[in-house]
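Work through the exercises below with the sequence and the model at hand, and try each task before reading its solution.

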Amino acid sequence: LAVAVLSRTVNFYFSGALAALAFAVAAFAVLTLTRWPGIRAALEASWVLWTFALVGSLDESTSGYLQLQENTWFLTTAVVIAWGAAIVLSRSRDAAETVWWRRRQEGVQTLLATLLTCVATVRCYLGNERIVALIASLAMVVLILRIAKVRTARHAAIALGMWLACLAAVHVSSGDAEGFYAGFIVVGLAAIALLALPLVVVAGPAPVNASGRSQLRWFFGASGLGLIFYAGLSQQGPLLPYVTVIWGLASIVAFMTGLFARSRPHRLLGLIGLALCVPRVFIVDLDSTLHRIAAFVVLGLVLLWVGFSYHRFRHLITETPTKGTNS
């Protein structure tokens, strides 16, 4: 009855993003009642209110993307509150709890917070700003995993990383990454975030096993490197003659990441990227004398550097990592 009256009151006075924020504040306030004075049903009541907050963020009054800056702040604040609730629930786990959704209360709240994050990113931002906002959200979730020790934040980070890869690919296919402008730089930032994500989410509470680490590194490493390669193939403007150089630099970043992070998938992906640069030099870059000379010189130096790096840092590859380090 209290939830019904509260939701009716919020819908009467607010709409759209402001209603979503009002429901988020109400949900967090109701959640605190589970700690003091100890109202058991307040947990489920808070989830109902979080669902209303999610529905409010999808309200038709915000269609066509939010136009007012205040509405963006409203949804952003609601997202922060949602993750704050996940941190609170991670501190109140009860191993003796018999109801399955109460045993997984942290996971339920993380799912709601992740959905609200995705909706807020899509509704509040366009183009380059959307990618940057999602990268910032991903960084926030990683900090929640590593610092606040919210175990289920790892799954949220993986889901947001996949969402970032999809949005960035759509961003490239729409032509927004043409030329050396903000669009291409944003795609580069997204690729770096994808390369680094599997290295930072495997640690923390309940670390990922060796098989899971390898799968995550292969998937996100390939996603990040493939994103840069896709952005290079889509170039039609002033960056077109330098696509091979861009591919080579991206492959070097992946290789160096794998070398110093002791990640075999990153190293192999970097070498595969460099191998793909060779046929492009002969097939595409031979059309221009200047670009041909530059591409051959750069490619030769890069290959020599890779051989030197394998010799100079071979101890990072052959030595068995000590306990607690990434392999």
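Helices (H or I, at least four residues) and strands (E, at least two) are taken as DSSP runs and numbered from the N terminus. The model is a predicted one, in which local features need pLDDT of at least 70 and side-chain atom pairs count only at pLDDT 80 or more, while totals for chains, interfaces and linings use all residues. Residues are numbered from 1 along each chain as its sequence is written, and side-chain values use heavy atoms, with hydrogens and water left out.

**Exercise 1. Overall architecture**

Task: Determine how many helices and strands the protein has, and what percentage of its residues is buried.

Solution: Begin with the secondary structure, which comes to 14 helices and zero strands. Next turn to burial, where buried means under 20% relative accessible area, exposed over 50%, and partly exposed in between (1.4 Å probe, protein chains only); by this scale 46% of the 327 residues are buried. The protein exposes about 16300 Å², of which carbon and sulfur atoms supply 69% (Shrake-Rupley method, 1.4 Å probe; for residues, only the protein chains shown count as cover). Finally, consider contacts, meaning heavy atoms within 4.5 Å: of those with a separation of 6 or more, 72% are accounted for by residues 24 or more positions apart.

**Exercise 2. The nonpolar cores**

Task: Find the size of the largest nonpolar core and the residues with the most contacts inside it.

Solution: A nonpolar core is a set of buried Ala, Val, Leu, Ile, Met, Phe, Trp, Tyr and Cys residues joined through side-chain atoms within 4.5 Å. The largest such core has 85 residues, and Trp50, Trp83, Leu164 and Leu227 are those with the most contacts inside it. Its largest share, 11 residues, comes from α2. To see the surroundings of one of these residues, take Leu227: residues up to four places away in sequence not being counted, Leu227 touches Ala168, Ala169, Val172, Val187, Ala190, Ala191 and Leu194. A second, separate core has six residues, among them Phe255, Leu259, Leu274 and Val302.

**Exercise 3. Aromatic geometry**

Task: Count the aromatic pairs, and classify the pair of Phe23 and Phe52 as stacked, tilted or edge-to-face.

Solution: Rings of Phe, Tyr and Trp (its six-membered ring) pair if their centres lie within 6.5 Å, with planes under 30 degrees apart counted as stacked, over 60 as edge-to-face and the rest as tilted. The structure holds five such pairs. In the case of Phe23 and Phe52, the ring centres are 5.5 Å apart and the planes stand at 55 degrees, so the pair is tilted. This pair links distant parts of the chain, since Phe23 belongs to helix α2 (residues 16-32) and Phe52 to helix α3 (residues 42-57), 29 residues apart. Phe23 is buried at 2% relative accessibility, whereas Phe52 is partly exposed at 30%. Trp100 and Trp101 form an edge-to-face pair, 5.9 Å centre to centre with 85 degrees between the planes; Trp100 is exposed at 52% and Trp101 partly exposed at 33%.

**Exercise 4. Loops and backbone**

Task: Locate Val208 and Lys149, and identify the residues joined by a cis peptide bond at Pro37.

Solution: Val208 is found in the loop between α9 (182-201) and α10 (210-233), and is buried at 17% relative accessibility. Its C-alpha atom is separated by 9.6 Å from that of Arg154, 54 residues apart along the chain. Ala206, placed in the loop between α9 and α10, has a positive phi of about 50 degrees although it is not a glycine. Lys149 lies in the loop between α7 (127-146) and α8 (153-173); its phi, near 60 degrees, is also positive in a residue other than glycine. The cis peptide bond joins Trp36 and Pro37, with omega about 10 degrees, and Pro37 lies in the loop between α2 and α3.
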